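Open the model in your viewer and keep the selection tool at hand. Each stop below says what to select and what is there.

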Amino acid sequence: MPFAAETPRPATQVAPRTPPAGETGEPVLPRADVVLAIEALTKRYGSLVAVDGISFEVRRGETFGILGPNGAGKTTTLEMIEGLRKPDAGRITLLSLDAVRRRRAVQDRIGVQLQSQALWPELTVEETLKTFRALFKKRVSLETLLERFTLTEKRRSLVRDLSGGQKQRLSVATALVNDPEVVFLDEPTTGLDPQARRSFWDLIHDMSGEGKTVIVTTHYMEEAEALCERVAIMDRGRIMAMDSPRELVRGLDFDNTVECTFAGAVERERLLALPAVRDVKKENGAHLLFTTDVSATLAGLMGLTDGSGERVQSLQVRTATLEDVFISLTGRRLRD
Amino acid sequence: MNVGAFIRLVVTQATIIRRNTGFWLSSILMAVISMAVFGWLFDFDTQAFDLAVVDEDRTEASQSLVRAFDGLESVELREGERDEEMESLDHGDRSAVVIVPEGFEDELADGSASLVAYYDNSDPIRIGYVTSTVEAVVDDFNTRVAGQRNAVSVERQAVATSNVRYIDFLTPGMVGMTIMWVNLGVGFLLVTWREQGILRRLGVTPLRPGSLIVTQAASYALVSLTQVVIILTMGRLVFDVTVSGSYLWLAVTVALGVMTMLSIGYVIASLLETVTSVNALINLVAFPMIFLGRSYFPLDPPPAVAPLVSAIPLTHLNDALREVVNNGGGLSDLWVSWAILAAWVVGGFGLSMRLFRWQ
């Protein structure tokens with residue numbers, strides 16, 4: 001499937017917010033289209049609560065993103081779903097199975113790419129895929145995998161001799177050897193150059209096109225916007241908001257952000273009083289003005305600096321993005 | 001896990017070990033170099049040894065036999081009483097005690113006298129040389145003095161291992177040492193995999209820790225068997241060291257040795273986090289084992305450390321290997337060593353299965 005990151009995905013039907021069912025104590029009968037149901041999932045490390053009672057559902061065929069800064073609890077959440085860590089509380093129902101108790105049955109039907117590429121440097125491409133294939137009941141043919149990930153010519157090369165992009169493709173290929181129904185990708189594009197990131201997005205779109213459910217964590221908001229039908233924004237172990245990227249942005253009470261710096265100090269109250277400004281945040285010496293009307297705010301800003309000695313040093317106007325959603329929810333940026 | 005998956009995982013892991021050339025080559029080189037150095041350069045067999053002669057006959061004939069032992073470059077001759085000299089032999093201060101019994105001269109006159117030679121059979125480094133020296137002296141005495149080939153015969157005592165040269169002793173020890181090095185190395189491999197995230201990656205597949213360990217053991221056994229064949233072939237071709245026992249018992253012993261050392265490697269990998277600390281601990285465990293476990297030299301440990309020495313798995317691996325290779329031992333000679341190794345395997349794997357971590 002040809003892919004253009006610029007093409008907005010069709011607006012999806014937003015899942016109705018169901019109350020966390022685990023709290024009622026009643027068994028949840030998974031609906032046919034729900035592939036993954038998380039209820040009140042909790043993980044603590046000592047006094048640190050890494051994942052704090054989160055609940056969400058992912059439907060079959062959906063590409064679901066978990067967006068948040070480092071340390072938000074994204075990876076811990078995935079690791080509990082994948083069977084690497086035991087939850088302290090809560091329930092995970094994956095493919096209609098209890099993912100904690102029926103761990104291996106679940107693992108046979110999912111595909112996982114971890115943050116580290118985790119390949120044996122001593123093996124060839126072909127040996128790597130054969131080894132991973134051997135671990136599962138259902139297997140995609142070796143030739144199909146090699147062709148699909150354009151590794152046919154490299155099949156006899158040692159992993160240690162592959163380029164970064166080739167390793168990345170092989171790593172995804174190992175996650176798909178069992179033709180999984182659900183694919184988990186943990187920060188798959190961290191450390192990739194922009195071009196490699198784009199071609200990786202293509203791969204994810206292909207998986208989605210085959211009807212696979214894709215669950216991806218990222219701290220790149222543009223990635224979440226480009227890939228995901230729905231996004232959960234996570235911070236400090238909690239889900240702050242969950243919806244389609246478009247709805248999340250639309251839910252903001254402003255449309256644009258004006259980012260400006262001044263020579264000299266400007267009181268926050270004066271900026272807040274500017275026309276159409278809903279809120280003001282200070283970030284690394286810059287002021288962020290959240291506005292419903294860019295031209296009115298800009299005109300006011302110019303008027304403000306005309307009268308007094310303050311001079312605008314830099315000025316930037318942006319359409320509101322998921323980043324702004326995150327800032328408005330947490331007061332911080334995704335990446336500091 | 002089905003047969004296909006089992007074979008694939010064994011092949012994969014054997015391939016990984018094989019491509020880590022330095023890993024398996026260094027251990028086998030250590031054995032080969034040791035055999036070359038001790039087999040050729042340091043020839044223990046020509047060093048002087050203490051020989052005591054007890055003359056209980058005290059006649060001219062017996063005295064002339066005693067003189068025949070004197071003046072040999074390779075012999076430190078001592079004369080004394082039977083009780084004292086036998087005690088010295090017990091303490092390892094004599095390599096052999098030759099008794100010229102009362103009535104020697106009379107028997108010699110009748111044409112068939114005999115001597116009793118007691119050997120220290122706990123010293124396989126020199127025993128072959130000692131026995132052949134004594135016999136050479138007696139042969140010389142027979143032709144030169146008695147003028148008759150079989151006038152004096154030597155009755156050997158306390159010689160269980162006949163004509164074991166040092167290289168015969170060393171070769172099974174090198175087999176044991178190589179098995180130890182390679183298989184303790186599984187700890188290193190496992191921690192490397194954990195550091196590289198490979199264990200985590202395997203942990204999100206349906207693979208069970210038990211299946212990983214079993215296939216790993218099978219691939220290490222393959223590698224170890226290959227190394228054993230290389231060392232024994234070299235011993236056979238270059239030093240004429242023969243396997244006098246059954247190859248089946250040899251294979252069983254090797255397999256038990258592999259499992260024992262793997263289980264220790266797993267426990268080490270479960271306890272420690274980093275590659276460097278695992279490396280250090282493996283060395284810390286391995287070097288005392290090599291010496292206390294008698295890979296290079298026989299050892300008569302003082303009572304204080306004797307229990308430690310007999311608890312060391314390499315001691316029993318080496319014992320069992322020597323029993324098969326040197327003495328042609330059978331089940332009745334092997335079962336004790338096997339049982340102790342098996343106890344290590346059960347304990348080690350039991351512990352490492354409990355401690356196993358994917359990350």
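## Stop 1: chain B as a whole

Select chain B, which is divided into domain 1 (3-41 + 165-355) and domain 2 (46-157); the domain bounds come from an automatic or database domain assignment. This is a predicted model, in which local features need pLDDT of at least 70 and side-chain atom pairs count only at pLDDT 80 or more, while totals for chains, interfaces and linings use all residues. Residues are numbered from 1 along each chain as its sequence is written, and chains are lettered from A and ligands numbered from 1 in the order in which they are written.

Colour the two domains of chain B separately: their centres, taken over C-alpha atoms, are 43 Å apart. Along the principal axes, the C-alpha atoms of chain B fill a box of roughly 90 × 40 × 35 Å. Switch to a cartoon view to find 14 helices and five strands in chain B. Helices (H or I, at least four residues) and strands (E, at least two) are DSSP runs, numbered from the N terminus.

Of the 359 residues of chain B, 44% count as buried. A residue is buried if 20 or more other C-beta atoms lie within 10 Å of its own, exposed if 12 or fewer, and partly exposed in between, with C-beta atoms placed from the backbone. Two residues are in contact if their C-beta atoms, placed in that way, lie within 7 Å. Among contacts in chain B between residues at least 6 apart in sequence, 80% join residues at least 24 apart.

## Stop 2: helix 2 of chain B

Select residues 21-41 of chain B. The 21 residues of this helix should span 30 Å at 1.5 Å a residue, and the end C-alpha atoms are 28 Å apart, which agrees. The expected span is 1.5 Å times one less than the number of residues.

Which residues of helix 2 of chain B are buried? They are Trp24(B), Ser27(B), Ala31(B), Met35(B) and Phe38(B). Seen down the axis of helix 2 of chain B, its buried residues fall within an arc of 95 degrees, so they line one face of the helix; the arc is that of the directions from the helix axis to the C-beta atoms. An α-helix has 3.6 residues a turn, so residues three or four places apart point the same way.

Now turn to the face of helix 2 of chain B that points away from its buried side: the exposed residues there include Thr21(B), Leu25(B), Leu29(B) and Trp40(B). To see what covers the buried residues of helix 2 of chain B, show helix 1 (3-19), helix 7 (166-195) and helix 9 (209-239) of chain B, which are among the covering parts.

## Stop 3: helix 7 of chain B

Helix 7 of chain B has 30 residues and reaches 43 Å from its first C-alpha to its last, close to the 44 Å expected. Buried residues make up 27 of the 30 in helix 7 of chain B, so it is largely enclosed by the rest of the structure. Just after this helix, select Gly197(B), which takes a positive phi of about 80 degrees.

## Stop 4: the nonpolar cores

A nonpolar core is a set of buried Ala, Val, Leu, Ile, Met, Phe, Trp, Tyr and Cys residues joined through C-beta atoms within 7 Å. The largest one has 151 residues, and Val182(A), Phe184(A) and Val231(A) have the most contacts inside it. Helix 7 of chain B gives the most to this core, with 17 residues. A second, separate core of 28 residues includes Ala61(B), Val100(B), Tyr129(B) and Val152(B).

Centre on Val182(A): leaving aside neighbours within four places in sequence, its contacts include Val35(A), Leu95(A) and Ile215(A).

## Stop 5: two loops

Is Leu95(A) buried or exposed? With 20 C-beta neighbours inside 10 Å, Leu95(A) counts as buried. Leu95(A) lies in the loop between strand 4 (89-94) and strand 5 (97-98) of chain A, and has a positive phi of about 55 degrees although it is not a glycine.

Next select Arg58(B), in the loop between strand 1 (49-55) and helix 3 (60-69) of chain B. Phi of Arg58(B) is also positive, near 55 degrees, but with 12 C-beta neighbours inside 10 Å this residue counts as exposed.

## Stop 6: where the chains meet

Show both chains: 19 residues of chain A are in contact with 21 residues of chain B. On the chain A side, helix 3 of chain A gives the largest share, three residues.
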